[in-house]
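The points below may be read alongside the sequence and the coordinates.

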Amino acid sequence: MAEKNVTRRALGIMAPILVFVLVLGLFEFLVVTLEMPTWLISKPSDTFKTLVANFSDIWPNTLITIEEILIGYVIGVTTGIVLALIFTSNRFLDKAISPYVIFLIVTPQIIMVPLLMLWMGFGIKVKILAVALSSFPINMMSTMTGVRSVSADRYELMKSLRATKLQTFFKVLIPSALPNVFTGMRLATIFATTSAVGAELISGNIGVGPQIAYHTEFMMVDISFAYVYVMLFISVMFYMLINGIESLVLRGR
Amino acid sequence: MDKIVLKDVNMIFKTKRQTIHALKDISINVPEKSIVSIVGPSGCGKSTIIRLICNIIEPTSGDIYVDEYRYEKEVSKSTIRKMGFIFQRPNLLPWLTLRENIEFPQKIVGHKGKEWKEYVDELLEIGRLTKCADLRPSALSGGMLQRAGVLRGMANKPEILLMDEPFGALDDLLREQLDLETLDIWRKLNQTIIFITHNVREAVLMSSKVYVMTTAPGRILEEVDIDLPYPRDLTILTDPKFIGYDQRITSLIGELDLTKIK
């Protein structure tokens with residue numbers, strides 16, 4: 001029985017890796033057999049070689065993008081949670097704000113970047129702000145949903161115990177809303193990475209976004225591809241990090 | 001002596017479209033250390049009654065007394081904390097283990113120390129839940145969760161238990177078993193219990209008095225004293241007197257099959 005479990009587990013880890021290798025292999029195979037020109041597309045083996053050879057150039061740019069994403073995300077998510085708690089604390093405020101939350105989410109916050117540049121210059125601050133702006137609304141909405149959907153039974157329990165407002169807030173409301181908070185946080189990672197690269201493309205020449213644009217312009221496609229792989233890696237790792245924290249915090253529920 | 005008294009209590013809920021007279025002139029009295037059931041169809045306001053007693057909501061008019069203390073606008077904390085509320089669904093907090101759930105009321109009220117900890121152990125023992133004390137609710141069966149819900153209601157050693165259809169969602173066999181267990185606990189700890197149910201047999205089995213309610217507006221049809229000795233077990237179900245009470249109350253409520261109304 002135990003052995004069976006181990007094989008099943010190994011299979012669970014191996015299967016996706018196998019698919020990854022297969023897709024890369026197929027990619028490589030197609031590029032080679034169709035004799036695609038290297039200035040148009042870069043086959044995985046070349047890309048990895050480039051990635052290693054140019055690591056000293058790629059790494060600093062990557063680091064900047066990561067920095068923008070992480071700082072912006074933390075600011076955005078914190079703001080989202082705090083605003084959600086404020087807005088849901090009062091029925092009138094909740095009613096007044098709710099219809100506009102959706103505006104914030106569906107409007108690409110990236111449109112603010114040119115104006116932000118005008119006010120704040122070209123530096124990293126603009127990108128951090130762009131990331132924060134685009135990651136807070138989805139987190140705010142999700143947290144609000146979580147707070148609103150705490151079951152009446154749980155509040156009645158607290159009332160029957162004559163609990164204080166603070167006790168109800170920390171011992172029931174927050175833990176009840178946590179699953180929704182995490183849903184928002186997971187979705188916000190997507191918004192954060194997208195807007196970080198987007199903001200970079202609009203302003204400045206450092207970071208992953210501008211590097212891809214720059215090297216594509218000069219037909220150095222292998223370097224562009226190397227950055228694409230890096231970005232893929234960052235996004236997946238970021239998502240998985242939040243996912244991991246989530247399953248750790250919500251363990252056993 | 002009467003532990004709990006309600007006098008001419010009315011409860012009117014007003015919404016934009018309509019006014020609902022949920023409770024009309026409810027007067028009940030619950031003798032100390034007795035089990036009194038309130039039985040009636042869904043929507044007759046029987047759950048509202050215990051929410052009033054626990055001051056989760058306030059009545060539109062009428063008086064409520066607990067230990068001869070009359071409820072004012074602000075009901076004293078010490079009065080409410082004499083009660084343990086047991087919900088229809090177990091209503092356990094999924095992020096806490098079973099033990100943490102049961103000691104939750106102690107934490108809120110601020111009961112600390114060895115004595116209270118040992119009491120939780122005792123409760124777990126009574127509910128035969130000691131082995132799974134460190135598991136979370138998601139790992140447990142419905143019957144176990146319900147038992148834990150009942151035990152949590154007793155964590156602060158309440159003098160009064162307000163039980164809101166505690167076993168209503170369970171099958172007949174399990175329900176009768178938990179009814180007997182509740183009677184057992186009651187015999188040991190001697191609380192005053194108000195037991196809400198829509199199941200007539202359950203009401204008769206448990207109580208020394210049954211209030212029969214009807215709906216629209218929610219009011220009391222009749223007060224039936226159950227003159228059967230304690231301790232009781234399932235053999236009582238075939239007692240002619242029991243059957244008589246069962247039939248009388250059932251016919252009072254109407255020809256309805258109450259177990260199907262829910």
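What percentage of the contacts in chain B with a separation of 6 or more is accounted for by residues 24 or more positions apart?

1. **Contacts along chain B.** The model under review is a predicted one. In chain B, 72% of the contacts with a separation of 6 or more are between residues 24 or more positions apart. The chain contains nine helices and 10 strands. Its radius of gyration is 18 Å, close to the 18 Å that the globule rule gives for 262 residues, so chain B is as compact as a globular protein of that length. The C-alpha trace of chain B spans about 45 × 45 × 40 Å along its principal axes. Of the 262 residues of chain B, 40% count as buried.

2. **Confidence.** For the complex, the predictor gives an ipTM of 0.86 and a pTM of 0.82. Chain B has a mean pLDDT of 86, with 97% of its residues at 70 or more. Among the elements of chain B, α3(B) has the highest mean pLDDT, 93, whereas helix α9 (residues 258-261) has the lowest, 49.

3. **The contact between the chains.** Chain A contributes 13 residues to the contact and chain B contributes 17 residues. On the side of chain B that touches chain A, the elements giving two or more residues are α2 (77-80), β6 (83-86) and α3 (98-109) of chain B. The largest share of that side comes from α3(B), with three residues. Sorted by class, the side of chain B that touches chain A holds 11 nonpolar, two polar and four charged residues.

4. **Domains of chain A.** The domain assignment divides chain A into domain 1 (1-35) and domain 2 (43-249). Taken over C-alpha atoms, the centres of these two domains of chain A are separated by 30 Å.

5. **Domains of chain B.** In chain B, the assignment gives domain 1 as 2-82 + 159-261 and domain 2 as 90-156. The C-alpha centres of the two domains of chain B lie 24 Å apart. Where they meet, nine residues of domain 1 of chain B are in contact with 11 residues of domain 2 of chain B. Helix α6 (residues 172-189) of chain B gives the most to the domain 1 side, with four residues. By class, that side of domain 1 of chain B has seven nonpolar, one polar and one charged residues.

6. In soluble globular proteins, nonpolar side chains tend to be buried together. Here the largest nonpolar core has 111 residues, and those with the most contacts inside it are A130(A), I102(B), L162(B) and I194(B). Helix α6 (residues 124-148) of chain A gives the most to this core, with 14 residues. Not counting residues up to four places away in sequence, L162(B) touches I50(B), I53(B), C54(B), M83(B), F85(B), I86(B) and I194(B).

7. **Backbone points to check.** Most residues other than glycine have a negative phi, and most peptide bonds are trans. Which residues are joined by a cis peptide bond with an omega of about -10°? They are Y230(B) and P231(B), and P231(B) is found in the loop between β10 (219-225) and α8 (240-253) of chain B. R162(A) is not a glycine, yet has a positive phi of about 55°; its place is in the loop between α7 (152-160) and α8 (165-202) of chain A. N55(B), also not a glycine, has a positive phi of about 60° and is found in the loop between α1 (46-53) and β4 (61-66) of chain B.

8. **Surroundings of these residues.** Is N55(B) buried or exposed? N55(B) has 21 C-beta neighbours inside 10 Å and therefore counts as buried, the cut-off being 20 or more. R162(A) has 19 such neighbours, so R162(A) counts as partly exposed.

9. **One residue of a chain A helix.** T216(A) lies in helix α9 (residues 208-217) of chain A. Because T216(A) has 15 C-beta neighbours inside 10 Å, it counts as partly exposed. Not counting residues up to four places away in sequence, T216(A) touches V221(A) and S224(A). T216(A) and E67(A) are 149 residues apart in sequence, and their C-alpha atoms are 24 Å apart in space.

Methods
Residues are numbered from 1 along each chain as its sequence is written. Chains are lettered from A and ligands numbered from 1 in the order in which they are written. This is a predicted model: local features need pLDDT of at least 70, side-chain atom pairs count only at pLDDT 80 or more; totals for chains, interfaces and linings use all residues. Two residues are in contact if their C-beta atoms, placed from the backbone, lie within 7 Å. Ala, Val, Leu, Ile, Met, Phe, Trp, Tyr, Cys and Pro count as nonpolar, Asp, Glu, Lys and Arg as charged, and the others, Gly among them, as polar. pLDDT is the predictor's confidence in each residue, from 0 to 100. A residue is buried if 20 or more other C-beta atoms lie within 10 Å of its own, exposed if 12 or fewer, and partly exposed in between; C-beta atoms are placed from the backbone. Domain bounds come from an automatic or database domain assignment. The radius of gyration is taken over C-alpha atoms; the globule rule is 2.2 Å times the number of residues to the power 0.38. A nonpolar core is a set of buried Ala, Val, Leu, Ile, Met, Phe, Trp, Tyr and Cys residues joined through C-beta atoms within 7 Å.
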